[in-house]
Amino acid sequence: MMNTQNTESLNPVMAEVFRENTLESWHRGAAVVVDSLGQTVLAFGDVERIIFPRSAIKMFQAIPLLESGAAEHFSLTAREIALACASHNGEPEHVLAVQDWLSSLGLSADDLENGPSRPYSAKAFHELLKAGEKSTRAHHNCSGKHAGMLTMARYLGLDVHGYTHPEHGAQQVWMEVMSDFAGLDVTTMDCGKDGCGAPAITMPLIALARACARYSDQSQLPKGRAQAVQKIITSISEHPWMIAGTGRCCTDVIDLTKGRVLVKTGAEAAYCGFIPDRNLGLALKIDDGSTRASQVALGQLLLKVGAISDDEYQFLGNYFKPAVVNSNKDRTGYIVPSGIWNE
């Protein structure tokens, strides 16, 4: 049976697109900030809506690597741990890191079950074309996550072939972790297949925010899990470029704040946010899947809860209040937060 959303109760407009001074388009969505006690700090729209978090949950999916002892067993570096959480640009350093990681496992890019993909980075793609080379599975933005899943398969002594099947042990371990953080059994929720071939789970937006808040406050976690989460946070804070790359919002937010704020995007305009020094977590989803709008909403959430300063917000203005340009690079308009953020 098709699972549809209630269109009678529209989510609020979160971002508005102007051409010159005339409103041309707008984007609706829902967003919520929660503390580690599960209390809602800020909410807009239907936060009970079931969403696909997509790649926004990669920091949860990486926990078994640390918690199980697999990362230590295979001597994973902080760069590789950050890469396991990445939706990277496919820039040469990302690709080489994935290839070296797989080689250390006795595997290659051919063992990745994500498909070959052109790099997110236009520069990296043009360099490939110039060199007469083709994109490989290692160029896929999820190849770091898949390298992590292959590492778990190796550590658990499981067949590396078919590791993306929902019933495979490499998938079951992170689904168990995600269920604990979200406070619900994600294996009972609808599940699809992600763009990279791995399972794509669903959950209410509010449950995702609560999971992020628990992630931000390790004092409530068992010792081994708390250590795993802290290692992931430290690794990403030290290597923010690995999680996305040049000209990417996630990398630039984490880099500017020195890991005080960690954010992770997912396809179709989902976002997770982690604010460890405030024990806060956030989640948002733009209804029409627009990344330009999700970044505008992200900036407002971070600003309103005091996670970033006014100066930091302005410094990240290319994401949080971006210009609209045409093919000649002329500024033709702008995207701004809607009035809801001032209410």
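This short talk covers the cavities in the structure above.

The model is predicted, so to speak of local features we need pLDDT of at least 70, and side-chain atom pairs count only at pLDDT 80 or more, while totals for chains, interfaces and linings use all residues. Residues are numbered from 1 along each chain as its sequence is written, and side-chain values use heavy atoms, with hydrogens and water left out.

First, the term. A cavity is a set of points, on a 1 Å grid over the protein atoms alone, where a 1.4 Å probe fits but cannot get out; lining residues have an atom within 4 Å of a point. Points are joined across faces, edges and corners, and the volume is the space filled by probe spheres set on them.

How many cavities of 30 Å³ or more are there in the whole structure? The search finds 2.

Helices here are DSSP runs of H or I, at least four residues, and strands are runs of E, at least two, numbered from the N terminus.

The second largest cavity has a volume of about 50 Å³. P53, R54, I57, Q61, K145, D194, P199, A200 and I201 line this one. Strand 6, residues 199–201, supplies the largest share of that lining, 3 residues.

Key
1 Å grid on protein atoms, 1.4 Å probe; cavity = no way out; pocket = protein on both sides within 12 Å on 5 of 7 lines; lining within 4 Å.
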